Each structure stands twice: as C-alpha cells, then as structure tokens.
Amino acid sequence: MKLRLALITAVIMFGCLDNEFTNENINDFEGLIELGKQLKDPYTVESMEKALEYLINKKIQSPDSLQKSTVAFSPSDIDIEPNYHYIRFLPKGKNEAAFIIERDKDLVLFPYPLDYEIENEGSYYNDPSLEDSVIALYTAVPIGYNYSDSIEYEILKELFLIDPLLDSLETLGDNNSNSIPNQKTISLGKILGNQNQSLAGVLNDHDLSLQQLELTSLLLTGHLDDMLGEDDKAKLPQTAKISVEQIIGGGLWPDRWRPSGTLKFEDTKRTADQPVEGVRVTTGYWYYWRSSWTKFNGYFESPVKFSFKVRYKAHWDADDFVLQNGKMIAGHVVGIYHIVTWGSHKKSAWERTFIDNEARYAIIFTAAYFYYYKTIDGLARPKQDSIFGPRMDLEVYDGRQSEPGVHHSGFGGNSIEINLVDNNSYFEFDDLYGTTIHELAHSAHWANFETRYWYKNRSWEFRDMQKRLKESWARGVEAYLTKKRYNNYPVSYGGNYTGIVEDLMDTNINFANRGQNAGSEHVTNFKIDQIESAVLKSFSFEEWEENLVELYPSGTCVVWGYLWPNLSNLKCIKTITYTETTIGDLFQYWGD
C-alpha cells in the first residue's frame, strides 16, 4: 500500500476469489456493453452461397459477358465449405479464462457477440442465461483449430472469410490479387484447398474473384456502404447507387491496406504529449481481427492487410498485467474484462492522444510496463503470469475515497488497487505513476522473497513480515524508479514509510527529507539491487540491517572504471562506506 502525507494502517487483503459472482449483478457497474439487433451476416456459408448465385447469374446476363447462357446458376451446383468457425468459449472462472489467453495469444477474444449492433460501447457484457461464474468469450478460429479438452466451447456459425484467403494469395506472390480478373488459377485453387476446388473452378470460369464474391455478399446483406472507405467510394460515379454491375465491371474494387497509427497521452507533468509503449491494439471487422503492439514511440502497424474499414481498439493489458475497472466486481473475480478504449472506424491510420481518464490509464500502464519490461537496474520483477497464477490485475477506481493504492497479497498475489481520486480531485500524474510503482514493489517483494516454512503459504509468510520493512522498501523503490521519469517527484517519509533506502544510497549526510536539524547519517553508496537482495532475506528491520552487513561489508566496490592518466588499469572508483556504528544508528533512526 502507498500512503502520502498521512499515516494510515496498511490493508493487506487475503483470499483467492475465482467463482464468486453472479451474471445478474454485472448490470450494476459502469462500462456495460449494450447490444442492439442481430445483423444480417454476410460471412456465413449460406450468405456466401446466395451471393455466389446472384453474382454469377448477373455475370451471365451481363451485356459484356463472353459466356452467354440461358441456364441459370444454382447454389445446388456447388457447395461452399467453411474455412472458419464462429465460436464462443465458456470458461468457468478466472483461471480457465486466463488459460485460454495464455494458450493462444494470437486469438482476439471478445466478451460480447460479434454479429449484433453495438448501442453502447464498453468493456463488459452480461449474458444472464449463463451459469454463475461462466463468461462467454467470442472469436473466430480456422477449421481444424486445436481446441483444449478442458475448456467448454460452442460452434455458433460456419463462416467463409475472404481476407485470410487474400493474405494467402499475396503470400504466394500473386501481385495481381487486387485486380480483375487476374487471379491465377493455380493460386486460387491452392489457397481454397481441396474442399473448395469447385468454387475455385466456378470463379475462374466466370472471370470472377474472391473479393467480388465478398463485395456481393456485403451488398446483399446491406453492409457494403458502411464497409467501404472514402477513397473506394470516390471511384464510383457520384450519382450512382452501388450495384452488382459495378462489382462485376470492376468499377468498385477496394484497395488492400495495412492499418497503423500512433497512440500518445497528455501527461500534465510533461511539456509534450507522451507515447504509449506496449499497448495492444486490435484492428478488424466482423470476425477477422488481428493484434499489434505499440512501439517505444507509440507507433503500431497491423501484421496483415484488410480490404475495408476497420475498427480500432486499445486494450490496456500486457502479457503479465491488465488494467481493470475497479467498480466492476467481476473484473476482480474473472480477470478477463479489461479496460478497452474504442477507437475510430475508418480506412486510414488511427492517430490518438488520450486525455482525462484515458490518459490516467496510460500513465498507470506506462508505470507497470516500465517495472515489468524495461531496465530497472537489477531489481526483481513483480509477480508474472505463470502456471501458478494468472497475470496481475491492476484495478483502477474513479471516485472512491480511499488510500492511493493497495496490494492484495492473497493466495495468488495478483491484484492491486489504484485510485484516481483523492478528496474529490484527481491525483497528479506523477502520483499515479509513483503509486503504481509502489504497489508493484510490494508484488515483486511478495513474488521473490525467500520463504522459511514449507508448511506455510507464501502469502501468510508475507503477512507476517514487519510492516515497516515492507513499506520502507516499497517507498524506496517508488522514489528511485519514479524519479527516473519525474526528476522532481516529491517523496514523503514518516511512520512505517521510512527514507532508509534513500539514505543507504546517497552520499550526503542529511537524513532523507529531514533537513540539517535532524542530525546526520554516514552510510553511502549502496546500490538498489544490493539493498533488495538483503530485503528478500529479511522479515524485520533488524534482519535487514544484519543481512546488508553480511552481504556487503564496508569497502565493497560498486563502480569500477579507469582513472586518468592510467587508462589501462581498471580500478574501483566507488565503494560502500559505513561503520558498525553508523549503519546501526541509521536503522535505529528510521526504526524508532
């Protein structure tokens, strides 16, 4: 827990919640997705077969057709075989949901059905027909997908998706895959596979393409106009209504494109907008979605191309942690309903600078990403996603009056609360960053300390540690790492939240944040990872002192280098300095 400018008893929560929520109470929380009517689906096998019949018969009747015939084409002449299944997984509780994510990280999972209108965007969806503790995760998987025997799932629809086939066509080197009708028979037959050779033959016989089939199905189900980009529509006559004749004649042919963009956020403690690194961005439409991740400069790029407009979404999660809406009780229990920022629906790059609460999510995410994945001078990482427990939940609360942060060190050690508001005003961005670092320092401590009793749970041993040891260490890490981003970050010390880490590291004689009148201390040059190595062996302030002295005697070299003029001789240029008396006095000062 992190407290600022006040001394409040720490709250360390215990217990592992997994199956204790009902699908009825989910409606009481913010961020609920509300669905409208079910949409006519252009990607079912049935819709594609109707589109094929319509397209070919229109082609036969076309004045320019070279294949005049009085015999109409019938869908009974050919069966389109599905290449994808629209499914929903039905995990029971948080651990099964986490297992699905961990097992196949290429899947883009949705907590709501994909074939309905979205009337209210959010992060959570309630299906009251499901049993308690069961959630539905929707996605599309290729035929032959390797399902886990331990997770229940349902096949909802058989689909025929075109974009994955066009990806395969381009991979095979068919540079003409965007033109009509120059799809090579060998390429089209190869990507459609043995089950759809008759479809390949029919399309080639009539000089038609997969994209024309898709366009026709979208036209017949009423979705084509909304799916086309503005540049695609500009190719058509201004007064013309989109028709199958334009599709056949080549007047309408969407260009394939690769979604990309840059995500930044407004940091009120910085003069310029800051990039968001490591955020997962999903792009897609209907059943075809792919993930990419923002780079150090906030830029992302989809791994595949698309033919139509895509919907962008920013997911505030990573491999080892996830931001969740703290007001959503199922977010804590289930661990799959993470915070999502819905982006644009367009056929162009997504350039976005997050502000207000979305910017606050960004700074919390940035702090966690830094602690988990960036250079932190040898410090141990917080609790990570593993077979022993799912990824860390960072539960974000807006409006609750409480301490800035709490680390829940239950039997999974995998949740942290971060509060955005204090006394009816929002915390500053450096405070949110520092609070996140502080609570993750507790998590790293919990995950890495040396246990002593085989018969005790790790969390119970952590509970039994001296509070002053735990909070002093977390406050020290908070100050050390936060000042790497915010040089002037104000750190307060008092009570169990002592400044001993800063005093062990610095070279001045004043006690941390106490001024000259508080006396002086004469311990210098410990490194942060050295201090941590002693912390992880200790259960009290006294043991911490003993372990530091044992591991790092005074005179231990901490910096090696070359001094002028003997640049060929490596020498120690900085050592740890203290005496038995001075280090004892330091621990006594902060321990009283």
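The secondary structure of the chain comes to 18 helices and 21 strands, as seen in a model that is predicted. Of its 592 residues, 55% count as buried. The accessible surface amounts to about 25,900 Å², and carbon and sulfur atoms account for 48% of that area. Contacts reach well along the sequence: among those between residues at least 6 apart, 71% join residues at least 24 apart.

Side chains of opposite charge can pair when their charged atoms come close. The structure holds 20 salt bridges, and a few of them are described here. In one of these, lysine 484 pairs with aspartate 377, with 3.0 Å between the closest N and O atoms.

A salt bridge between glutamate 478 and arginine 475 brings the closest N and O atoms to 2.9 Å. Because these two residues lie 3 apart in helix 14, about one helical turn separates them. Glutamate 478 is buried, its relative accessible area being 0%, and arginine 475 counts as buried too, at 1%.

Lysine 233 and aspartate 225 form a further salt bridge, in which the closest N and O atoms are 3.5 Å apart. Here lysine 233 is partly exposed, with a relative accessible area of 23%, and aspartate 225 counts as partly exposed at 47%. Elsewhere, salt bridges link Asp41, Asp115 and Lys157 in a network.

The surface also carries a patch of negative charge, where Glu46, Asp79, Glu81 and Glu158 gather. Of these residues, glutamate 158 belongs to strand 5 (residues 153-159). Its relative accessibility is 42%, so glutamate 158 counts as partly exposed.

Isoleucine 162 lies in the loop between strand 5 and helix 3 (163-171). With a relative accessibility of 0%, under the 20% cut-off, isoleucine 162 counts as buried. Leaving aside residues up to four places away in sequence, isoleucine 162 touches Met48, Leu210, Gln211 and Glu214. The C-alpha atom of isoleucine 162 is 9.3 Å from that of tyrosine 288, although 126 residues separate the two along the chain.

Most residues other than glycine have a negative phi. Aspartate 207, however, has a positive phi, near 55 degrees. This aspartate 207 occupies the loop between helix 5 (197-205) and helix 6 (210-220), and its relative accessible area of 40% makes it partly exposed. Tryptophan 286 likewise shows a positive phi, near 45 degrees. The loop that holds tryptophan 286 runs between strand 8 (280-285) and strand 9 (288-293). Tryptophan 286 is buried, with a relative accessible area of 11%, whereas aspartate 207 is partly exposed.

Note on methods:
Residues numbered from 1 in each chain as written. Predicted model: local features only at pLDDT ≥ 70, side-chain atom pairs only at ≥ 80, totals over all residues. Heavy atoms only, no water. Patch = residues over 30% accessible without salt bridge, like charges linked within 9 Å, V, L, I, M, F, W, Y side chains within 5 Å. Areas by Shrake-Rupley, 256 points an atom, 1.4 Å probe, with all protein chains shown as cover. Salt bridge = Lys/Arg side-chain N within 4 Å of Asp/Glu carboxyl O. Lys, Arg positive; Asp, Glu negative; His and termini not counted. Charge placed at Lys NZ, Arg CZ, Asp CG, Glu CD. Helix = DSSP H or I, 4+ residues; strand = E, 2+ residues; numbered from the N terminus. Buried < 20%, exposed > 50% of the residue type's maximum accessible area, 1.4 Å probe, protein only. Contact = heavy atoms within 4.5 Å.
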